[in-house]
Amino acid sequence: MDAFQGARDDVVSQVGLVWSQIKEPLIVPLLRVAVFLCLVMSLMMFIERVYMGIVISLVKLFGRKPEKRYKWEPMKDDVELGNFSYPMVLVQVPMYNEREVYQLSIGAACGLSWPSDRIIIQILDDSTDPTIKELVQLECNRWASKGVNIKYEVRDNRNGYKAGALKEGMKRSYVNQCDYVAIFDADFQPEPDYLWRTIPFLVNNPELALVQARWKFDDTS
């Protein structure tokens, strides 16, 4: 037993001796390489920040605002046509198990300022959690009871994920009457006057196919 213990101690001491001899030439170069890579990445990030700062400054100084680049006139009432003078707008909101934000998102979409008979809110729910799906439907029913033209749409698959849901939503018959489509992700919260600020760009500039605006969202994770 003593011989076995002595042999084991000899092996341990030999391993320790070998490690003490190779750790410096092995570890030090690796640490130097790691420090060098960190310095290079830090330098790249610094250069990127400086570049972006210069670009943003130049855009602010010399860039033209959209209102100056494109024709923009506020929507005006037409006594003869009434609300029919305003284009029909479809608002699409795709969702997938959005427990934390579904109320805020639906509320923001339903709170958009636009003639009530010229807007359709379309909630495209791909939720797989039956509890969340029921909550989203109840929220849609609550807004519908207030007179909002809101449609709750589901499908039996998740092909294409949210993009697929948007495409499927466009197949509904009532979409044919819509002139423009506004799309908000589930955590987007557009300002109430969003349509009043964006639709005029499309109405007054037929060559435009898309208007992208700054957005707000609630999900910070």
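Student: How many aromatic pairs does the structure hold?
Tutor: This is a predicted model, and it holds five aromatic pairs.

Student: Take Y86 and W114. How are their rings set against each other?
Tutor: The ring centres of Y86 and W114 are 5.7 Å apart and the planes stand at 75°, so this pair is edge-to-face.

Student: And where in the chain do Y86 and W114 sit?
Tutor: Y86 is in the loop between α2 (66-69) and β1, and W114 is in the loop between α3 (102-110) and β2.

Student: Which residues form a cluster with Y86?
Tutor: W114 and W196; with Y86 they form one aromatic cluster.

Student: Staying with α6, why call it largely enclosed?
Tutor: Because eight of the 11 residues in α6 (residues 194-204) are buried, the helix is largely enclosed by the rest of the structure. Among the buried ones are L195, I199, F201 and L202.

Student: New topic, the sheet. What is the strand order?
Tutor: Four strands make an open sheet in the order β3-β2-β1-β4, with parallel pairing. The edge strands are β3 (150-153) and β4 (180-183); each has a single partner strand, so one side of each lacks a neighbour in the sheet. On average, neighbouring strands are turned by 20° against each other, direction ignored.

Student: How many bridges join β1 and β4?
Tutor: Four bridges, in the parallel sense, join β4 and β1 (residues 89-95).

Student: Which strands does α6 touch?
Tutor: Helix α6 packs on the sheet and touches β1, β2 and β4, with its direction at about 140° to that of β4. Another helix, α4 (residues 130-144), lies across β1, β2 (119-125) and β3, and runs at about 160° to β3.

Student: Last one: which rings have a lysine over the face?
Tutor: W143 has K146 over its face, 4.4 Å from the ring centre. Y174 has K151, at 5.3 Å from the ring centre.

Definitions and conventions. Residues are numbered from 1 along each chain as its sequence is written. This is a predicted model: local features need pLDDT of at least 70, side-chain atom pairs count only at pLDDT 80 or more; totals for chains, interfaces and linings use all residues. Side-chain values use heavy atoms; hydrogens and water are left out. Buried means under 20% relative accessible area, exposed over 50%, partly exposed in between (1.4 Å probe, protein chains only). Helices (H or I, at least four residues) and strands (E, at least two) are DSSP runs, numbered from the N terminus. Two strands pair if DSSP finds at least two bridges between them. Axes are lines fitted to C-alpha atoms, for helices over the stretch in contact, and angles run from 0 to 180 degrees between N-to-C directions. Contact means heavy atoms within 4.5 Å. Rings of Phe, Tyr and Trp (its six-membered ring) pair if their centres lie within 6.5 Å; planes under 30 degrees apart count as stacked, over 60 as edge-to-face and the rest as tilted. A charge sits over a ring if NZ of Lys or CZ of Arg is within 6 Å of the ring centre and within 35 degrees of the ring normal.
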